[in-house]
Amino acid sequence: MLFKTLTVLILLSISMFSRLSYGAPYTLSPHGYAIDYIQGEGDVKGLKLAYQYHAPALQSLIENTHIYLESSINIWEYGADNSHQTNVVLAMSPVFQHLISSVRGIPLYFEAGIGISLVNDTHFAGKNVSTHYQFEDRLGFIADFGKTKAAVRYLHYSNAGFKRPNPGFDFISLSFSRRF
């Protein structure tokens, strides 16, 4: 129940305090945030809150590619309201977004990243992932509206086979991010 309440409050905050702003002249801050709703296999639901740092020095390294660093906290829930598990995950990832197209003046990016994460509970949603340390892999598509971006991502958490068992966790994410 707490997860549902937090999700509703965060989504209401996004809708009240941020506006899509593409096409407007402005200077982007190197700092931003992202809020993701994540849906996993086996009816795992989650919320990911992230801080993003878009270092100016990284933006000219690869042509048509935007690079940023992301730190996040994930809250995952599994099971019925009266009998559920909660897991907390801390993660850090470098992320690469490469321009692939534009639709009606809105740039579209393909995204990839591999980072590290710390999982609170290694036994979650009927799985034993063996280690608290996991890799966070991501692939996604992003629509860039200027200060605000919308994304659909595939997220995978696993320990890359360093210890068995290693079933990993898979998620689909809907994300909204905004630069300050």
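Q: What makes S3 and strand S4 (residues 83-103) a pair of strands?
A: S3 and S4 pair in the antiparallel sense over 16 bridges, and pairing asks for at least two bridges, so the label holds. Keep in mind that this is a predicted model. One of the partners is tyrosine 68, whose bridge partner in S4 is valine 95. A hairpin joins S3 to S4 through two residues.

Q: How do you know that strand S2 (residues 45-53) pairs with S3?
A: Nine bridges join S2 to S3, and the two run antiparallel. At least two bridges are required, so S2 and S3 count as paired. Tyrosine 51, for its part, has serine 71 in S3 as its bridge partner.

Q: Why are tryptophan 76 and tyrosine 157 called an edge-to-face pair?
A: The structure holds ten aromatic pairs. In the pair of tryptophan 76 and tyrosine 157, the rings are 5.2 Å centre to centre, with 70 degrees between the planes.

Q: What makes tyrosine 157 and phenylalanine 171 an aromatic pair, and which parts does the pair tie together?
A: Their rings are 5.9 Å centre to centre, with 85 degrees between the planes. With limits of within 6.5 Å for the centres and over 60 degrees for the planes, this pair is edge-to-face too. Tyrosine 157 lies in strand S9 and phenylalanine 171 in strand S10 (residues 169-179), so the pair ties together parts that are 14 residues apart in sequence. Ring pairs also link Trp76, Tyr78, Phe124, Tyr157, Phe169 and Phe171 into a cluster.

Q: How do you know whether tyrosine 157 and phenylalanine 171 are buried or exposed?
A: Tyrosine 157 has 0% relative accessibility, and phenylalanine 171 has a relative accessible area of 3%. Buried means under 20%, so both residues get that label. Tryptophan 76 is buried as well.

Q: Which residues make up the largest nonpolar core?
A: This core has twelve residues: Ile38, Val44, Trp76, Val89, Val119, Phe124, Ala125, Val129, Leu155, Tyr157, Phe169 and Phe171. The elements that give two or more residues to this core are S9 and S10. In soluble globular proteins, nonpolar side chains tend to be buried together.

Q: Why is lysine 127 called buried?
A: Its relative accessible area is 17%, and the cut-off is under 20%, so lysine 127 counts as buried. Lysine 127 sits in strand S7 (residues 127-128). Beyond residues up to four places away in sequence, lysine 127 touches Glu41, Thr122, Pro167, Gly168 and Phe169.

Q: What makes the link between serine 173 and aspartate 36 a polar contact?
A: Their side chains are joined at 2.8 Å, and the limit is within 3.5 Å, so the distance qualifies. Serine 173 and aspartate 36 are 137 residues apart in sequence and 6.1 Å apart in space, C-alpha to C-alpha. Serine 173 belongs to strand S10 and counts as buried at 0% relative accessibility.

Q: How do you know that lysine 149 lies over the face of tyrosine 109?
A: Lysine 149 is placed at 5.4 Å from the ring centre of tyrosine 109. The distance limit is within 6 Å, so this value passes.

Technical notes
Residues numbered from 1 in each chain as written. Predicted model: local features only at pLDDT ≥ 70, side-chain atom pairs only at ≥ 80, totals over all residues. Heavy atoms only, no water. Phe/Tyr/Trp six-rings, centres within 6.5 Å; stacked < 30°, edge-to-face > 60°. Buried < 20%, exposed > 50% of the residue type's maximum accessible area, 1.4 Å probe, protein only. Helix = DSSP H or I, 4+ residues; strand = E, 2+ residues; numbered from the N terminus. Lys NZ or Arg CZ within 6 Å of the ring centre and 35° of its normal. Polar contact = N/O pair within 3.5 Å; in protein donor to acceptor, adjacent residues only side chain to side chain. Contact = heavy atoms within 4.5 Å. Core = buried A, V, L, I, M, F, W, Y, C linked by side-chain atoms within 4.5 Å.
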